Amino acid sequence: MSEGKATHPVDWRSIRSWAGSQDRAFEELCFQLREPTQPGWKTIKTAAPDGGVEWYTLGPDGRVHGFQVKYVHELDDLLPLARGSLRAVGSNRARRNVTRLVFMVCIDLPDPAHLRQGRPVVGARKKWEEAVARWKTQLAGTADIEVELLGSGELLERLLAPGNEGRLWFFFEQRALGAPWLRERFEEAARIASDRYTPQHHIPLPIASTLEACAMTGSFVTRVGRHVESFREAVSDARFTGQMRPAAGLGTSDKERVASEEARLEALVTRLSHIADELHHAVESVAPAGLPAERMAASADEALELAFDFQQAERESLELAGRGPREHVGRDAIRVLTLTLDRLAALCRSDEARAAEAKAWVLLGEAGQGKTHLLVDGTRRALKDGRCAATVFGELMAAEDPLTEIARQLGLGDLPHTVLLQALDAAGAASDARFLLMIDALNDAEDAGRWRTRLPQLSAQVEPYDHVAVVVSCRSSLKDVVLPANVSLHAPCTDHPGFAGHEVEALESYLRTVPSALPRTPLLAPAFSNPLFLKLYCESLQSLPEERRNVAARTQHRSAVFHNFLERRAHQICLALHLDSGDQAVQRAVQELARQMARAGREVLSRQEVKEITASFAPHLTRWPNTLLGQMVAHGVLASERFYTVDGRPEAGYGFGYQAFSDDRIVDAMLAEHAPDVEAAMSTGRLATASPLRAWLVTASPNLMEAATLLLAERTGRELIDLLDNGQDAEGDLTEHDIYALHVSLVHTLALRDARSVSERTTELLQQAVGRFDLGPEVLEATLGVSAQTDHLLNADRLHQMLCAMAPPDRDMQWSIPIYDMLDRAGALHRLLRWAEQLPTVGDS
């Protein structure tokens with residue numbers, strides 16, 4: 001064995017580079033192989049300058065065990081570096097009382113027992129021991145420090161122990177899971193996501209912070225810590241000092257009661273201080289295993305009750321003492337204390353904190369809401385921050401063996417489950433955060449229903465690994481089919497809000513290249529919170545001649561947006577396939593598909609059905625993807641979907657690419673098929689009792705009911721609730737629930753309709769919605785949503801006239817108080833205020 005050189009089977013020189021150097025990788029590996037922390041001790045990583053240690057453990061008695069890593073291959077290189085570290089430790093004893101210092105190195109120090117030219121050979125171990133003894137006499141503060149050396153043999157023994165196979169694979173595999181490799185995986189994910197990921201139109205949204213919390217990033221822990229420190233400061237400000245003397249003239253019994261109350265106050269504030277210290281300790285000692293969010297929320301609740309007791313006790317004490325409010329403890333201090341605790345409890349119960357505790361997050365949302373964009377961009381942000389993350393796609397999985405499929409999709413081959421998870425855990429630990437493993441669109445898997453059993457299995461497999469977190473997304477309408485029934489008990493489930501509260505920024509981003517299309521009046525309809533709808537809206541404006549853009553921006557109701565979207569896509573498809581756009585093959589295919597969907601009672605048709613229908617409109621095109629079906633999919637008119645047969649079997653199929661567009665097309669197809677019924681209703685004001693269209697509408701889903709409410713009003717000038725009234729016994733065969741649902745549809749679609757379809761009858765029905773069904777807040781939101789439309793019957797002018805005609809008490813009850821309640825919610829009022837604050841108008845300098 002050569003003196004002071006690595007000779008074990010693992011070549012330390014081949015360790016991967018991490019954070020730009022092999023030294024950093026070896027330091028991280030040694031930290032992950034560290035000895036278990038003793039009970040009652042705390043492990044703390046240091047930052048530069050490190051005071052001579054990479055990390056240390058702090059004992060309850062103040063003693064410190066320090067650990068220093070040196071990536072060297074010769075003893076002569078180790079000695080000066082070790083001396084410098086020991087000197088730094090000795091000079092820092094006043095601040096950090098290190099009593100034991102362990103050097104971890106990648107060489108062995110042999111102590112040969114042979115002679116050279118008749119004299120004993122001094123081995124590397126002996127040289128090290130002599131050097132350490134010499135340093136302890138020369139360097140101040142080091143004489144009583146116990147210095148140890150942990151060489152490559154001991155490290156190798158730990159590394160090769162069962163349970164470290166993935167760690168060994170990670171640190172000695174040169175590319176996989178490193179920063180360049182993860183960037184390549186991100187770029188591949190961005191290509192797969194295609195137009196579902198649009199970085200050029202990225203809008204920072206608050207929901208993205210849940211990803212940082214799930215990864216247990218330093219920024220999230222710091223934010224929790226700030227809330228805890230605010231609580232500690234508020235307790236200090238509200239502390240009862242007991243220095244106030246009772247008013248003169250109090251009897252002995254009153255003085256005793258005052259003293260008793262004073263003692264009660266002191267006990268309450270002492271308990272508050274104790275809770276604050278407990279929460280501070282919880283944050284300071286937070287482990288990768290997770291934030292104890294639920295326990296912290298319970299402590300905040302207890303503290304809030306104590307704060308209210310404190311407030312009451314202080315009031316009683318002052319009354320007994322015959323004094324006014326204390327100068328040092330007033331209502332402001334108590335208010336700050338309770339407000340701080342409310343915020344702390346809310347944060348600890350938020351989906352962010354729950355995701356941090358659970359190491360898991362479920363993202364829900366309908367099609368086009370921005371789920372894919374959020375996850376892929378979350379990967380980009382993690383890599384930019386030096387953390388580890390990867391996104392895989394449900395559409396490329398069968399949901400049979402998730403970990404094997406994930407490894408394959410990441411290009412890692414058939415990696416054993418334990419090796420994969422240990423490697424992910426090692427990568428996460430090396431980046432001081434959790435590895436975010438994100439699976440987008442579980443509902444797109446080959447057999448999405450398998451996730452009901454496979455997702456709990458995946459969670460159980462990941463559970464032992466503190467530095468791995470799992471994030472999944474699923475379409476809201478399919479969550480009951482795809483997700484386990486009790487999923488919310490194990491991970492927070494969050495609905496993606498789309499652009500809600502950020503519509504102005506999104507609109508500016510999409511229309512950045514065509515500022516002439518920016519509307520002069522705000523777009524307040526809730527549909528503009530949906531990223532896909534906003535994209536379709538902006539695309540339809542961009543396709544218009546410049547002189548028409550601003551006019552169209554004021555008049556683009558939902559039907560017009562969908563019509564323009566289809567016309568534009570049809571034009572593009574015809575150009576790609578060399579079809580005559582005048583034949584309207586795409587439009588006719590869409591109408592026939594929608595008609596068959598309506599007849600089948602589902603929004604997805606089998607692949608064979610769709611293939612046959614689309615082929616009938618362009619039978620000469622047979623080579624995929626240059627078929628009508630292929631191009632309708634490529635241009636986003638159709639999308640691959642899953643549906644379940646009557647016997648519960650999943651089957652692949654196609655549906656329209658956007659839920660609201662699908663609803664619009666299906667209802668449009670039914671109206672076209674029953675055109676005579678629609679024409680008769682225009683004159684009579686109702687659909688005949690025997691009308692097939694009426695029978696279909698009465699049993700339609702809520703989504704289709706909303707689309708029908710909108711389209712029939714625009715085409716007949718009549719409200720759906722009136723059209724379904726058969727003239728018998730008030731609303732005839734409609735149940736109370738049916739009537740309620742029709743009013744809800746009317747309210748929800750008011751801001752989406754062509755303004756010309758709104759009449760005084762619409763106003764009467766809105767008033768019924770308030771009086772009969774208690775839909776006041778919803779009606780207020782809907783009317784605010786159309787208030788900025790200059791040609792709308794219910795615009796701001798009418799609102800102004802109505803408010804002026806009210807008596808002040810009625811106006812306060814029906815307007816001022818509800819408006820105040822809306823200020824903190826994302827909605828039409830918020831969008832209006834945001835528009836007034838930010839959106840530039842023509843002529844702005």
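In what order do the five strands of the open sheet lie? I looked this up in the model, which is predicted. The order I read off is 9-10-11-8-12, and the pairing is parallel.

**Sheet edges and twist.** I then checked which strands sit at the edges. They are strand 9, residues 389-393, and strand 12, residues 493-495, and each of these pairs on one side only. For the twist I noted an average of 20° from one strand to the next.

**Strands 10 and 11.** I took one pair for a closer look. Strand 10 covers residues 435-440 and strand 11 covers residues 468-475; the two run parallel and are joined by five bridges. Within this pair I found Met438 opposite Val471 of strand 11.

**Helices on the sheet.** Next I asked which strands helix 6 touches. Helix 6, residues 179-193, packs on the sheet and touches strand 9 and strand 10. I recorded an angle of about 35° between the direction of helix 6 and that of strand 9. Helix 15, residues 417-430, also packs on the sheet, where it touches strand 10 and strand 11. Its direction makes about 125° with that of strand 10.

**A surface patch.** Last, I turned to the surface. Tyr820, Leu823 and Leu833 form a nonpolar patch there, and together they have about 330 Å² of accessible area. I traced Leu833 to helix 36, residues 828-838.

How values were computed. Residues numbered from 1 in each chain as written. Predicted model: local features only at pLDDT ≥ 70, side-chain atom pairs only at ≥ 80, totals over all residues. Heavy atoms only, no water. Pairing = 2+ DSSP bridges. Helix = DSSP H or I, 4+ residues; strand = E, 2+ residues; numbered from the N terminus. Axes fitted to C-alpha atoms, helices over the stretch in contact; angles between N-to-C directions. Contact = heavy atoms within 4.5 Å. Patch = residues over 30% accessible without salt bridge, like charges linked within 9 Å, V, L, I, M, F, W, Y side chains within 5 Å. Areas by Shrake-Rupley, 256 points an atom, 1.4 Å probe, with all protein chains shown as cover. Salt bridge = Lys/Arg side-chain N within 4 Å of Asp/Glu carboxyl O.
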